Amino acid sequence: MKIAISVAEPSFESEVYPRFGRSQYFIIIDPETMQYESVTNPNIEAPSGAGISTAELIVKKGASAVITGSIGPKAHQALAAAGVRMLTGIEGLVRDAVADFNAGRLVDNAGAGTVAGSEGGAGMQRVPGMGRGMGMGGGRGMGCGGRKGMGGSGAGRMAPRNWNAKPQADRLRPAGGAEELSSLRQQANRLSDELTRVRQRLEQLEQE
């Protein structure tokens, strides 16, 4: 079995190159014996069709799997037609990628390694918890009502005020006509009673 790895330099200690069709070199390696050869990609300057031509080069070299950063849609189709596994989304050193491959830490994500018209996306991922991983979580929380949020020293924020909302008294006020007149009379009576109580209290205080 052979795997082809896109590389920045023709060396086993090189970094995995992020673009399949425009990679200047490939390492063709037998992951069991670790014997390899470096191959120059003659298609990097091609104005178009570089991905397909590079795929044909890899197939001719007898590779049954490709390790790279991303693969364009046309190259993806050509490799798929030849039955070549595509392990994309890889970065780091070639030796680490091969070690992950041999340890079964590389998981195919069929068809997700392409983005229409470009070589983008991550079609392969390392198994979480093994090899290189990506952490999630952390950060400052945000509370409501002026309190600090949980999870860090995040400052709370008051809920935004809706300046277009009507005051509660306005929302509860009856519509015009007889209902409004009745409501106003009730309010006047309550105010009159309150005023009477205030005057009575003032008289008591003056007599003390």
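User: Which residues have the most contacts inside the largest nonpolar core?
Analyst: This is a predicted model, in which local features need pLDDT of at least 70 and side-chain atom pairs count only at pLDDT 80 or more, while totals for chains, interfaces and linings use all residues. Residues are numbered from 1 along each chain as its sequence is written, and side-chain values use heavy atoms, leaving out hydrogens and water. A nonpolar core joins buried (under 20% relative accessible area; exposed is over 50%, partly exposed in between, with a 1.4 Å probe and protein chains only) Ala, Val, Leu, Ile, Met, Phe, Trp, Tyr and Cys residues through side-chain atoms within 4.5 Å. The largest such core holds 17 residues, and those with the most contacts inside it are Ile 3, Ile 5, Ile 29, Ile 67 and Val 98.

User: Which element gives the most to this core?
Analyst: Helices (H or I, at least four residues) and strands (E, at least two) are DSSP runs numbered from the N terminus. Two or more residues of this core come from each of E1, E2, strand E4 (65-67) and helix H3 (94-102). With four residues, the element that gives the most is H3.

User: Leaving aside neighbours within four places in sequence, which residues does Val 98 contact?
Analyst: Val 98 is one of the residues with the most contacts inside the largest core. Contact here means heavy atoms within 4.5 Å, and, once neighbours within four places are set aside, the partners of Val 98 are Ile 3, Ile 5, Phe 12, Ile 29, Pro 31 and Met 34.

User: How many residues does the other core have?
Analyst: The other core lies apart from the one described above. Among its members are Phe 26, Leu 57, Ile 71 and Ala 75, and its size is 15 residues.

User: How many residues apart in sequence are the parts that Phe 12 and Tyr 36 tie together?
Analyst: The structure has two aromatic pairs, where rings of Phe, Tyr and Trp (its six-membered ring) pair with centres within 6.5 Å and count as stacked under 30 degrees between planes, edge-to-face over 60 and tilted for the rest. The rings of Phe 12 and Tyr 36 have centres 5.5 Å apart and planes at 25°, so this pair is stacked. Because Phe 12 lies in the loop between strand E1 (3-7) and strand E2 (25-29), and Tyr 36 in strand E3 (residues 36-40), the separation of the parts tied together is 24 residues.

User: Is Tyr 36 buried or partly exposed?
Analyst: Phe 12, at 16% relative accessibility, counts as buried. Tyr 36 has a relative accessibility of 41%, so this residue counts as partly exposed.

User: What is the angle between the planes of Phe 20 and Phe 26?
Analyst: Phe 20 is buried at 0% relative accessibility, and Phe 26 is buried with a relative accessible area of 0%. Their aromatic pair is edge-to-face, at 5.4 Å centre to centre, and the angle between the planes is 65°.
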